[in-house]
Amino acid sequence: MTIVLIVLALLVLSLLLAFLRSNAALWSALSIVLAAAVGYAVGSAREALIAAIVLALLTLPFAIVPLRRALFSRSLLKAFAHALPRLSDTERTALDAGTVGFEAELFSGKPDWHKLLAEPRPALSAEEQAFMDGPVERLCAMLDDWRITHELADLPPEVWAFLKRERFFGMIIPKRYGGLEFSALAHSAVLQKVSSICPTASSTIAVPNSLGPAELLLHYGSEQQKDYYLPRLADGREIPCFALTGPYAGSDATSIPDFGIVGKGSWKGEEVLGLRLTFDKRYITLAPVATLIGLAFRLYDPEHLIGGVEDRGITLALIPRETSGLDIGRRHMPLNIPFQNGPVRGKDVFVPLTQLIGGPEMAGHGWRMLVENLSVGRAISLPSNAAGFARMAIASTGAYARLRKQFGLAIARFEGVEEALARIGGMSYLVTALSRSTAAAVDRGEKPAVTSAIAKYHATEIGREVARDAMDVHGGKGIILGPGNYLGRNWQGAPISITVEGANIMTRSLMIFGQGAIRCHPWVLKEMAAVAETDRRKALRDFDAAMFGHVGFGLSNAVRSFVLALSLGRLSNAPGDAHIQRYYRKLNRYSAALALCADVAMGTLGGRLKFKEKLSARLGDILSYLYIGSALLKRYEDNGRPEAERPLLAFAFHESIWRLQNALDGVIRNFPIRPVAWLLRALVFPLGRREVPPSDRLGRRVAAAITAPGPARAAVLEWCYLTPTPNHPVGRLHALLPDVVAAEPVERKLQKALKTGAIKAHDYLAQVDEVAQQGVLSAEEAALLRHVREAGAEFIAVDDFDPADLRAGAAARADVVAVAGGVTRVA
């Protein structure tokens with residue numbers, strides 16, 4: 001009986017200490033004391049002494065560090081060195097590049113929410129807001145998306161000139177070089193506002209401010225390169241592009257077949273040391289109009305002219321457009337979103353070594369340079385474009401669903417439409433919070449390799465979902481292209497953002513968890529570093545600390561996952577008021593579950609996990625939705641916990657947790673080692689799967705919030721172009737919404753009068769006049785109905801064309817000469 005009670009007491013103590021993450025020394029000491037105390041209380045002093053000795057023999061080898069190293073860590077270090085999966089050069093560079101932020105807390109199993117809430121609230125400076133209210137507003141007023149996509153297949157010359165003059169291409173360039181030196185948040189805000197009216201223009205602005213010569217020069221360029229090129233890039237004298245992808249190599253830089261060979265050649269009439277480049281690139285945005293081409297290639301030095309190594313590795317260079325042998329091919333046409341895009345080729349193109357970004361000393365460092373800077377660009381450009389479209393979808397679809405009537409009711413009142421509207425509202429709130437979160441991370445000085453991949457993948461995928469629902473609500477209005485269609489081109493172009501800057505299948509399957517599991521884990525990188533350490537004493541010391549820290553971490557997460565699942569997270573600490581604490585507690589629970597499942601997957605599958613892409617993708621989804629949940633809460637907290645945003649937050653959060661639960665279930669259900677899967681299910685889902693998608697009642701509140709003027713609709717329309725200009729039907733539709741809402745009770749009075757049979761007119765406007773004459777409607781009410789009917793007719797109507805206008809080349813028959821980006825082309 002004494003033994004049973006001692007074991008039970010020790011079990012309870014162990015669970016408590018593991019839940020609280022106490023260290024081994026404390027666990028050992030308390031276990032010995034507790035065993036002795038229980039033995040003495042229910043037995044005798046002799047039994048207490050025996051219990052204490054037994055516990056000391058069992059625990060002290062783990063608590064006394066020198067003893068632990070001698071007994072366990074030395075042999076474990078050797079085994080770990082043999083079992084550690086080999087990383088490719090590409091993978092190793094990707095792991096070494098970038099930084100880790102709050103996502104590491106989410107991977108810890110015990111997030112410190114005070115760190116998140118202590119981060120400053122993202123906000124535009126006065127100068128940045130003035131740019132939004134001035135040049136960005138004027139640019140949006142110039143953009144006619146139908147003319148750009150259907151007639152010109154390009155931005156018009158006056159828009160190109162305006163972009164250069166107002167330094168839209170120099171947002172990331174410091175003021176000392178003539179740039180705007182904006183924050184990442186301002187960069188994101190500009191792209192969101194422009195993309196809400198014209199994705200072609202936003203893509204054109206995004207590229208020079210993300211991955212490209214300017215970003216690379218800022219971080220790695222020589223002072224001479226910065227002084228010459230950055231002022232020219234800032235004011236648009238140079239239009240940049242960056243050539244990375246080719247027909248046979250995309251994401252894996254080690255496969256790049258493009259090469260450069262060091263040798264002598266002629267440059268501006270002088271013989272200099274340089275390199276001859278042979279390359280074939282495609283999908284290069286801005287290439288057709290670029291005057292400065294950044295190029296990634298593999299550099300060889302067979303004569304050892306710049307060092308003792310022949311294969312110098314991936315290297316980056318700048319090639320002026322006028323360079324002999326450079327071939328800018330004909331344009332690609334990316335799904336009727338005609339931002340400039342095309343191939344770049346060259347054979348034996350000679351440039352001097354001074355054209356290497358950073359000079360000869362940066363030869364071979366190209367992949368690291370790209371990975372570090374790609375994470376910043378990926379964190380801003382594509383999530384911002386997706387957020388801009390999502391805002392426009394709310395502005396247009398929310399108003400259209402209130403204007404469009406069927407069976408005498410606004411279609412927003414039908415539950416099927418309401419369901420789609422709720423998804424548009426909730427998921428747009430999610431995308432905008434996600435975009436804001438990653439931009440804020442960049443402004444804090446991070447190079448967010450993991451969260452940029454999360455933002456790129458989920459913002460673009462959810463953007464496609466929002467586009468689908470917006471098209472469904474609009475029905476026939478959405479599928480008839482023309483000047484009045486504000487959705488069609490975005491729907492056509494949705495796969496573009498899915499595909500570029502790392503295709504989403506690859507991003508989800510390989511990047512998010514593949515990088516996150518190692519970069520965010522508190523111990524794995526330390527274990528890997530210890531194995532690679534050449535000083536064996538230091539290696540053993542570091543490995544011992546990391547390995548047994550890892551063991552304690554894993555045991556703690558197993559206990560925390562089980563206890564928090566049983567308590568539905570209630571036993572975890574959470575900030576905030578009673579309404580919002582439940583959200584933090586859910587994230588606490590699933591953070592522990594992620595940490596447990598990730599450790600088990602890495603520990604049992606080892607190097608095989610790299611090839612279990614479906615499993616890795618689901619683990620990445622769990623991390624992603626934890627990060628999305630934290631971004632949602634941070635946005636809500638930053639805004640002062642507004643009551644009006646609660647339905648939007650609740651919908652987005654519950655949808656995220658529902659998807660997270662499904663991903664977690666998918667990991668366990670498909671885990672290849674079945675006994676391990678059974679244990680994981682018992683620890684993670686002891687009460688079964690309890691999360692549910694957003695309720696119909698909640699969806700009704702979200703749909704109501706985005707289909708009427710008010711603080712909730714205003715919150716999600718921040719940084720959306722809404723001015724009712726002649727080129728912007730969405731702005732005019734949005735401006736009409738208050739009158740549409742005000743007219744609804746008057747419409748009901750009209751319908752009631754029609755049901756009496758006393759109204760003889762058949763035409764709507766005549767009916768309004770007749771009812772007004774009978775005194776049922778006031779003159780103001782009748783005027784309101786006429787205004788809404790006449791103004792709304794524009795948005796109910798669809799475009800039509802003379803057949804000749806739709807024939808290929810019809811828009812170009814005038815033989816207009818257009819000047820785009822400084823390059824003359826015949827339209």
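Student: Is Phe 562 buried, partly exposed or exposed?

Tutor: Buried means under 20% relative accessible area and exposed means over 50%, with partly exposed in between. In this predicted model, Phe 562 has a relative accessibility of 33%, so the residue counts as partly exposed. Phe 562 belongs to helix α22, which covers residues 536-566, and together with Leu 566, Leu 568 and Leu 687 it forms a nonpolar surface patch whose accessible area is about 300 Å² in total.

Student: Which residue is the nearest side chain of opposite charge to Glu 747, and how far away is it?

Tutor: A salt bridge needs a side-chain nitrogen of Lys or Arg within 4 Å of a carboxyl oxygen of Asp or Glu. Glu 747 is buried without a salt bridge, and Lys 405, the nearest side chain of opposite charge, is 4.9 Å away. Glu 747 sits in helix α29, residues 729-755, and, once neighbours within four places in sequence are left aside, Glu 747 is in contact with Tyr 764 and Leu 785.

Student: Which residues of α31 are buried, and what covers them?

Tutor: The buried residues of α31 include Leu 785, Val 788 and Phe 795, and the elements covering the buried residues include α15, α18, α29 and α30. Helix α31 itself runs over residues 779-796 and reaches 25 Å from its first C-alpha to its last, close to the 26 Å expected.

Student: Where does Leu 286 lie, and what is its phi?

Tutor: Leu 286 lies in the loop between β3 and β4, and its phi is near 75 degrees, a positive value in a residue other than glycine. Leu 286 is buried, with a relative accessible area of 0%.

Notes. Residues numbered from 1 in each chain as written. Predicted model: local features only at pLDDT ≥ 70, side-chain atom pairs only at ≥ 80, totals over all residues. Heavy atoms only, no water. Patch = residues over 30% accessible without salt bridge, like charges linked within 9 Å, V, L, I, M, F, W, Y side chains within 5 Å. Areas by Shrake-Rupley, 256 points an atom, 1.4 Å probe, with all protein chains shown as cover. Helix = DSSP H or I, 4+ residues; strand = E, 2+ residues; numbered from the N terminus. Buried < 20%, exposed > 50% of the residue type's maximum accessible area, 1.4 Å probe, protein only. Lys, Arg positive; Asp, Glu negative; His and termini not counted. Contact = heavy atoms within 4.5 Å. Expected span 1.5 Å × (residues − 1).
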